[in-house]
Amino acid sequence: MHPATVLGAMVMAAVLPVAAHASADLAKAKNCMACHGVDKKLVGPAFKDVAAKYKGDKGAAAKLSQSIVKGSSGTWGPIPMPPNAISEADASALAKWVLAL
């Protein structure tokens with residue numbers, strides 16, 4: 001195996017756990033935790049419930065990312081989720097993190 005390939009794999013292995021943690025920190029920083037718990041419903045659904053609902057849905061990350069940016073209503077009951085002032089990149093990172101739970 002080429003040394004650059006090995007080095008790349010080592011870097012990815014070192015970064016992946018940090019990326020997952022960074023997304024939890026991002027969720028806190030973007031105030032997501034005010035309405036969502038990781039494993040319990042608050043105002044909105046638990047992130048683990050969202051992950052379970054969308055398991056196997058190949059378009060889920062894009063759907064969730066758009067819901068984070070634009071808001072949504074009716075998916076989880078009568079309380080709407082307001083739009084969030086967040087970049088597309090951060091919304092995508094959060095959606096992928098939620099789906100990985």
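**An aromatic pair and the helix beside it**

A: In this predicted model, Phe47 has a relative accessibility of 7%, so Phe47 counts as buried, the cut-off being under 20%. Trp97 is also buried, because its relative accessible area is 10%.

These two residues belong together. A search of the whole structure finds one aromatic pair. The pair is formed by the rings of Phe47 and Trp97, whose centres are 5.4 Å apart; their planes stand at 70°, so the pair is edge-to-face. Distant parts of the chain are linked in this way: Phe47 lies in helix H2 and Trp97 in helix H4, 50 residues apart.

Helix H2 (47-53) and helix H4 (88-100) also have a part in what covers another helix: both are included in the cover over the buried residues of H3. Helix H3 spans residues 60-70, and its buried residues are Ala60, Leu64, Ser65, Ile68 and Val69. They are on the same side of H3 because they cover an arc of only 160° around the axis. Ala62 and Lys70, on the other side of H3, are exposed.

Technical notes:
Residues are numbered from 1 along each chain as its sequence is written. This is a predicted model: local features need pLDDT of at least 70, side-chain atom pairs count only at pLDDT 80 or more; totals for chains, interfaces and linings use all residues. Side-chain values use heavy atoms; hydrogens and water are left out. Buried means under 20% relative accessible area, exposed over 50%, partly exposed in between (1.4 Å probe, protein chains only). Helices (H or I, at least four residues) and strands (E, at least two) are DSSP runs, numbered from the N terminus. The arc is that of the directions from the helix axis to the C-beta atoms. Contact means heavy atoms within 4.5 Å. Rings of Phe, Tyr and Trp (its six-membered ring) pair if their centres lie within 6.5 Å; planes under 30 degrees apart count as stacked, over 60 as edge-to-face and the rest as tilted.
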